Amino acid sequence: MHACVLHAARDLRIETRDLPPSAPHEVRLRVRAGGICGSDLHYFFHGRVGDFVIREPLVPGHEFAGEVAEVGAAVQRLAPGMRVCVNPSRNCGACPRCREGRPNLCERVFFMGSASKFPHMHGGFAEFTTVAEGQCFPVSADLPFAEMAMAEPLSVALHAAHRAGNLMGQKVLVTGAGPIGQLVMLAARRGGAAHLAITDMIDPPLAAARAMGADASFNVAEGTGALQEAAAAIGGYDVVFEASGANAALNAGLLAVRAGGIVVQVGSLPGGETPVMANRIMAREIDLRGAFRFGEVFADAVTCLERRLIDIRPLLTAKFPMAQASAAFDAARDRATNLKVVIEF
Ligand SMILES: [Zn+2]
Ligand SMILES: [Zn+2]
């Protein structure tokens, strides 16, 4: 089979590899589509994501979907030919965090396409991969594979929305209009948010957000004056989702949220210490909460896609064949043109 293999920054090769072995509880998956995530871009352009450094050749990709090709002897509910969304996360199920229902905080979690552990756990950017039965979520409808591959980032967004609690009737601000910011906005709307505002440093993703239902958008490249004026006019946002990974956006959110409001940090801020307006958190009793990957929402994300309860199609802006994987990464970095770029295998 062929696989995309990242050897170092900007060194992505299409290589011929043996089919991955599979255990009795696993299935061999014929991968059909994989979305490029911000973390994949970091691996591709820098060879690392924060503290996770590529130390051996890595098959990237954690947003993917495909067809079951073969099933192991102990597999019970899957059969060859079934179309499945894949949860790229394998948690232990036994540690304290797993047992309290927070598998994304598992002490022994493995995440496909990530260099967080050594040896690395390969991802889905290959013609075939091996996944556990429990990672597979069958889709019955005739949903395109590119849409199915959005189950993972949509899970991130649904989880972030859950972290904020009940959004019914709330005024919500999302900082950062990349794919995760856009999906968080859509998840917040589904959760009942009454007013949705979104920020970015460039106009095209803001136009896309308005087309998908944003009530207000702010280009903050020249400063956050207009945003803070709008926030003051409505008495502050009830909930802010920080989805840009920029320190300045976190502080802008802390200024824009109302007293007693909630700020959810979804984006990965630069490593090291982050200057935060901590006295504002104290004096206005702001709840600052983290949202990391996702917990038990993957099945909900699949349902949302299958029934188009959340229509993510406007996010899918480009598709590339596997042979042009490097070009796909370049396209995905071009935020003025693309939101989500998908590779077809
Ligand atoms: Zn991702
Ligand atoms: Zn665990």
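Across the interface of domain 1 and domain 2, two residue pairs are found in polar contact, both at pLDDT 80 or more. A polar contact here is a pair of N or O atoms within 3.5 Å; within protein, one must be able to donate a hydrogen and the other to accept it, and residues adjacent in sequence count only if both atoms are side-chain atoms. The model is a predicted one, in which local features need pLDDT of at least 70 and side-chain atom pairs count only at pLDDT 80 or more, while totals for chains, interfaces and linings use all residues. Residues are numbered from 1 along each chain as its sequence is written, chains are lettered from A and ligands numbered from 1 in the order in which they are written, and side-chain values use heavy atoms, with hydrogens and water left out.

Nine residues from domain 1 and 13 residues from domain 2 take part in the contact, where contact means heavy atoms within 4.5 Å.

The size of an interface is often given as the accessible area lost when the parts come together. For domain 1 and domain 2, the buried area is about 890 Å², and 69% of it is on carbon and sulfur atoms. Buried area is the accessible area (1.4 Å probe) that two parts lose on being put together, summed over both. On the side of domain 1, L315, R335 and L339 supply 58% of the area buried against domain 2, more than any other three residues. One salt bridge is found across this interface, the term meaning a side-chain nitrogen of Lys or Arg within 4 Å of a carboxyl oxygen of Asp or Glu. R335 also forms a salt bridge with D200, with 2.7 Å between the closest N and O atoms.

Helix α10 spans residues 298–306, and its buried residues are F298, A301, V302, C304 and L305. They lie on the same side of α10 because they cover an arc of only 160 degrees around the axis, the arc being that of the directions from the helix axis to the C-beta atoms. Buried means under 20% relative accessible area, exposed over 50%, and partly exposed in between (1.4 Å probe, protein chains only). Helices (H or I, at least four residues) and strands (E, at least two) are DSSP runs, numbered from the N terminus. Among the elements that cover the buried residues of α10 are β7 (83–86), β11 (136–138), α3 (145–148), α4 (151–163) and α5 (179–190).

After α10 comes R308, in the loop between α10 and β18 (316–321). R308 has a positive phi of about 50 degrees although it is not a glycine. Its side chain meets that of E147 in a salt bridge (2.8 Å, N to O). This pair links distant parts of the chain, with E147 in helix α3 and R308 in the loop between α10 and β18, 161 residues apart. E147 is buried at 5% relative accessibility, whereas R308 is partly exposed at 33%.

In total, the structure holds 14 salt bridges. One of them joins R97 and E100, whose closest N and O atoms are 2.7 Å apart; R97 is partly exposed at 31%, and E100 is partly exposed at 44%. Another connects R313 with D311 at 2.9 Å between the closest N and O atoms. R313 has a relative accessible area of 39% and is partly exposed, as is D311 at 32%.

E63 belongs to strand β6 (residues 63–71) and is buried, at 1% relative accessibility. A polar contact of 2.9 Å joins its side chain to that of K340. Not counting residues up to four places away in sequence, E63 touches residues including A33, I36, F125, E152 and K340.

The peptide bond from F118 to P119 is cis, with omega near -5 degrees, and P119 lies in the loop between β9 (110–111) and β10 (128–132). E285, found in the loop between α9 (278–283) and β17 (287–290), has a positive phi near 50 degrees in a residue other than glycine. E285 is exposed, with a relative accessible area of 64%.
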